[in-house]
Amino acid sequence: MALSRRTLLAGGLAAGAGLTSGCAGKPLDTLLTQAAHVPRTPATLVWWVSEIPSRNGPVVADLIIRAFERRHPHLRVRKSNALSTTDGNRAAVTTQLAGASPTPDVYLGDTTWPAQFGANSLALPVQTLLPKDFWGDYPAALRRVSEYRGAVYALPFYTDNSFLFYRKDLLAKHGLPVPRTWEELLRTARRIQRAGDAAYGFLWQASVSESLTCNVAEFLADAEAPVLDEAGRVALNGPGAERAFALMREFTETGVTPRTVTTYAEADSQDAFTGGRGVFLRNWSYAWGNAANRSVSKVAGRVGVVPRPGFDGDGPRGVSCAGGWSNFVNPNSHHLGAAVAFARFCAGEEAQMILLKHAGVIPALEGVLTRPEARRVGDPTLTRAHELRLVARPVQTPYYPQVSKALYTQANAVTGGRATPAQAVRAARADIRTALEGRAL
């Protein structure tokens with residue numbers, strides 16, 4: 001029987017305390033001792049993994065498994081195919097893990113999961129098993145999203161980064177530069193729309209979903225307005241937050257963004273852009289492959305990509321939500337040492353180079369992004385990823401799904417003209433406070 005989100009969290013404190021002193025009847029120290037050593041005897045791991053997009057045909061997960069098995073000839077890894085949607089994946093693996101199943105030994109999960117899974121004892125804390133300099137090779141935001149209360153519950157695998165895609169031909173026709181600020185983007189988009197060269201100025205995602213939370217997190221970071229403070233308390237408030245919400249409202253009020261954006265997820269905005277109806281698009285790095293594909297894109301060969309703009313002034317530019325996927329270790333695994341070794345291998349240089357060469361994703365290891373092989377791939381989102389300023393969503397709470405709902409509900413309202421920016425910020429703040437108390441919205 002599947003456990004509800006509320007059921008899991010209701011047992012989360014007891015379960016979390018149990019992992020501190022023991023899990024599956026064993027003290028945590030015993031589990032970590034087992035996890036610190038790769039076994040010398042044969043073992044087979046089960047890796048719960050969704051399909052990893054491929055650039056050139058090979059099944060990427062199989063390439064990584066074979067590379068790991070060459071390093072550890074006595075170990076084998078068997079794939080357990082995960083579901084295709086993040087929410088479906090989370091529900092399915094949560095049900096399995098909450099039943100104390102020893103498999104999967106390692107599971108690939110979203111970067112929003114660590115606090116939720118750590119609080120409910122569904123992931124092994126691995127910080128004591130990592131070298132002290134481990135995180136120096138990864139974006140700081142990935143460490144922040146991997147931690148909960150000082151413990152690390154996930155090891156980075158690959159990232160989803162957002163960019164601004166734009167029509168090179170339309171900017172050239174009007175003699176306009178690529179905008180560096182949102183204010184400049186609004187002016188540029190309106191000019192091209194008034195000339196009749198595009199129906200939409202800026203396409204993004206504002207449906208009532210996690211897609212909008214990612215956009216909101218970026219706009220708030222542009223305005224240097226945090227959602228939660230370092231202690232995990234609600235911090236959303238003030239002129240910065242209102243400036244971010246006002247920008248979303250301005251996009252639709254001016255007609256730069258169609259009002260139907262309030263129903264758009266990633267595919268909707270991408271289809272409108274590749275269909276030739278937009279000047280600018282905010283989307284994840286994978287959108288480059290579709291925009292450049294002449295078989296599906298009417299604008300192939302006429303698209304450029306740059307980091308997102310920022311607001312006028314000295315604030316940050318190139319902000320991207322830190323999306324992506326990480327590997328977690330099942331604390332009930334019968335092969336903890338092998339499981340940790342595999343998760344670390346996936347985060348290491350050999351596996352990350354396989355991702356660089358063969359996968360349609362951005363590797364988490366920053367050093368591989370500046371390698372000559374990255375330029376040869378021909379994907380500008382790879383070569384420009386190091387320019388981004390990754391920011392974390394407010395995932396440092398096990399109640400993140402409710403916090404996210406508070407953000408996307410009010411952001412959708414302000415974008416659709418049903419609330420003023422000030423009203424939306426106040427309502428979101430109140431709803432986040434309710435969420436952090438563990439109460440339903």
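## A mixed sheet and the helices around it

Strands β6 and β12 run antiparallel and are joined by 5 bridges. They belong to a predicted model, in which local features need pLDDT of at least 70, side-chain atom pairs count only at pLDDT 80 or more, and totals for chains, interfaces and linings use all residues. Residues are numbered from 1 along each chain as its sequence is written, and side-chain values use heavy atoms, with hydrogens and water left out.

**The chain as a whole**

- The chain has 19 helices and 14 strands; helices (H or I, at least four residues) and strands (E, at least two) are DSSP runs, numbered from the N terminus.
- Its radius of gyration is 22 Å, close to the 22 Å that the globule rule gives for 441 residues, so the chain is as compact as a globular protein of that length. The radius is taken over C-alpha atoms, and the rule is 2.2 Å times the number of residues to the power 0.38.
- Along the principal axes, the C-alpha atoms fill a box of roughly 70 × 50 × 40 Å.
- Buried residues make up 56% of the 441 residues in the chain. Buried means under 20% relative accessible area, exposed over 50%, and partly exposed in between (1.4 Å probe, protein chains only).
- Of the contacts with a separation of 6 or more, 76% are between residues 24 or more positions apart; contact means heavy atoms within 4.5 Å.
- The accessible surface of the chain comes to about 17800 Å², and 50% of it belongs to carbon and sulfur atoms. Accessible areas come from the Shrake-Rupley method with a 1.4 Å probe; for residues, only the protein chains shown count as cover.

**The sheet and strand β12**

- An open sheet of 6 strands runs in the order β2-β1-β3-β12-β6-β13, with mixed pairing. Two strands pair if DSSP finds at least two bridges between them.
- The edge strands, each pairing on one side only, are β2 (75-81) and β13 (362-363).
- Strand β3 (residues 106-110) pairs with β12 (residues 323-329) in the antiparallel sense over 5 bridges. Within this pair, Gly109 stands opposite Ser326, and Val106 has Val329 as its bridge partner.
- In β12, 7 of the 7 residues are buried, so the strand is largely enclosed by the rest of the structure. Gly323, Trp325, Asn327 and Val329 point one way, while Gly324, Ser326 and Phe328 point the other way.

- Axes are lines fitted to C-alpha atoms, for helices over the stretch in contact, and angles run from 0 to 180 degrees between N-to-C directions.
- Helix α3 (residues 28-35) packs against α14 at an angle of about 60 degrees, with the axes 6 Å apart. That makes α3 oblique to α14, since angles under 35 degrees count as roughly parallel, over 145 as roughly antiparallel, 65 to 115 as roughly perpendicular and the rest as oblique.
- At this helix pair, Leu31, Gln34 and Ala35 in α3 meet Leu336, Gly337 and Val340 in α14.
- Helix α15 (residues 349-358) has Ala351, Gln352, Met353, Ile354, Leu355 and Leu356 as its buried residues. Their cover includes α4 (60-71), β6, α14, β13, α16 (372-377) and α17 (380-383).

- Phe345 is found in helix α14 and counts as buried at 10% relative accessibility. Beyond residues up to four places away in sequence, Phe345 touches Ile64, Ala67, Phe68, Arg71, Glu350 and Ala351.
- Thr252 lies in helix α11 (residues 238-253) and is buried, with a relative accessibility of 3%. Not counting residues up to four places away in sequence, Thr252 touches Thr257, Pro258, Arg259, Val261 and Thr415.
- Asn290 sits in helix α13 (residues 287-291) and is partly exposed, at 29% relative accessible area. Leaving aside neighbours within four places in sequence, Asn290 is in contact with Gln270, Thr274, Val296 and Ser297.
- The C-alpha atoms of Asn290 and Pro53 are separated by 12 Å, although these residues are 237 residues apart along the chain.
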